[in-house]
Amino acid sequence: ITLSPQPPVLCDHVPHVPTAATSSDEEDDSDSSTKPIRSEKKKNPASLFQTGGDPPKEKKSKKKVPLKGAESEEETPETLQKNSNKKGKAKKSKKKEERPPSPVIEVENLEEFVLQPAPQGVTVKCRVTRDKKGMDRGLYPTYYLHLDNDKKVFLLAGRKRKKSKTSNYLISIDPTDLSRGGENFIGKLRSNLMGTRFTVFDNGANPDRANADWSNVRQELSAVVYETNVLGFKGPRKMTVIIPGMNSDCERVPIRPRNDNDGLLMRWQNRNMDNVIELHNKAPVWNDETQSYVLNFHGRVTHASVKNFQIVHSSDPDYIVMQFGRVADDAFTMDYNYPLCAVQAFAIALSSFDGKLACE
């Protein structure tokens with residue numbers, strides 16, 4: 001699979017198209033084969049994300065969302081499988097299976113579930129579908145997130161707002177209600193003017209409309225930075241993802257900026273990394289034989305695309321925090337692990353759809 005203007009990352013041993021040889025079709029996503037979603041037994045991945053921040057002062061419902069029969073990444077044969085249809089190093093591959101599905105996950109309280117970090121040791125496997133039907137949706141598609149299992153449980157919907165100077169996506173827990181004022185509004189993704197930096201917020205209030213005690217101010221859940229491509233450079237796109245750290249109770253440290261200078265992007269830019277974690281997309285590897293970039297997605301990605309990516313921590317590049325890739329023209333798989341929640345992962349995926357030159 002080849003990358004486009006940016007070479008597409010090939011899926012599961014599908015090589016990316018050579019940078020030079022790639023055409024600049026915006027949708028020409030390159031496939032990359034990603035390594036096993038699970039690292040060989042290394043230190044507990046939770047330690048990569050703990051920053052020791054104070055436990056959240058807000059009320060948190062203690063009720064855990066039950067996960068029935070959730071498979072841990074180490075035990076799941078599908079995760080270790082490479083689904084490669086190219087020659088090359090054969091990794092202990094087990095039976096080939098297309099897009100291994102998600103473990104059975106029971107979602108009792110949707111709002112709670114989509115903001116709750118994935119359970120440690122479980123990969124939450126999802127599917128993103130893009131609806132472009134109708135005049136409006138040609139320019140402003142609606143994106144839907146479902147669990148990728150037999151029940152196809154709906155999780156989130158997202159859509160770009162029309163009258164916004166910058167890209168601004170609303171995220172809702174109701175597929176039919178994508179309004180900012182509705183009770184189903186759960187978060188939003190906002191970009192800068194260039195479309196190279198994105199911030200993900202929950203549904204709290206803008207600091208300008210905060211309560212006296214700031215208890216209702218919105219949290220920043222993550223930020224995404226795309227390295228700009230200059231002079232027609234056609235290498236794989238580079239992403240940096242910034243997220244709040246986790247406290248000793250494995251809960252997100254609340255980041256509630258009072259102004260634009262205190263958000264995740266400014267903290268990262270100023271290298272003020274207290275309670276902040278920096279992640280990157282895993283660099284695909286050039287394959288001379290196929291003349292393309294490749295990553296191993298373990299059977300979860302089948303089409304090459306520049307939008308295919310895996311997010312990792314530099315201290316353990318084998319632990320895949322999140323991966324996203326194309327399986328059909330308007331269908332993608334999106335899998336995430338601790339410490340991400342569904343809203344964070346979905347918003348990061350939405351940022352990759354935003355068609356600015358710097359990101360293509």
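Q: How many of the seven residues of strand β6 are buried?
A: This is a predicted model, in which local features need pLDDT of at least 70, side-chain atom pairs count only at pLDDT 80 or more, and totals for chains, interfaces and linings use all residues. Residues are numbered from 1 along each chain as its sequence is written, and side-chain values use heavy atoms, without hydrogens and water. Strands are DSSP runs of E, at least two residues, numbered from the N terminus, and buried means under 20% relative accessible area with a 1.4 Å probe, protein chains only. Strand β6 covers residues 185-191 and is mostly covered; the number buried is six.

Q: Which residue in β7 is the bridge partner of K188?
A: Two strands pair if DSSP finds at least two bridges between them. β6 and strand β7 (residues 197-202) pair in the antiparallel sense over five bridges. In β7, K188 has as its partner F201.

Q: Which side chain makes a polar contact with the side chain of Q323?
A: Q323 lies in strand β14 (residues 316-328), and because its relative accessibility is 1%, Q323 counts as buried. A polar contact is a pair of N or O atoms within 3.5 Å; within protein, one must be able to donate a hydrogen and the other to accept it, and residues adjacent in sequence count only if both atoms are side-chain atoms. The side chain of Q323 reaches the backbone oxygen of F297 at 3.4 Å. The side-chain partner, at 2.8 Å, is Q310.

Conventions:
Helices (H or I, at least four residues) and strands (E, at least two) are DSSP runs, numbered from the N terminus. Buried means under 20% relative accessible area, exposed over 50%, partly exposed in between (1.4 Å probe, protein chains only).
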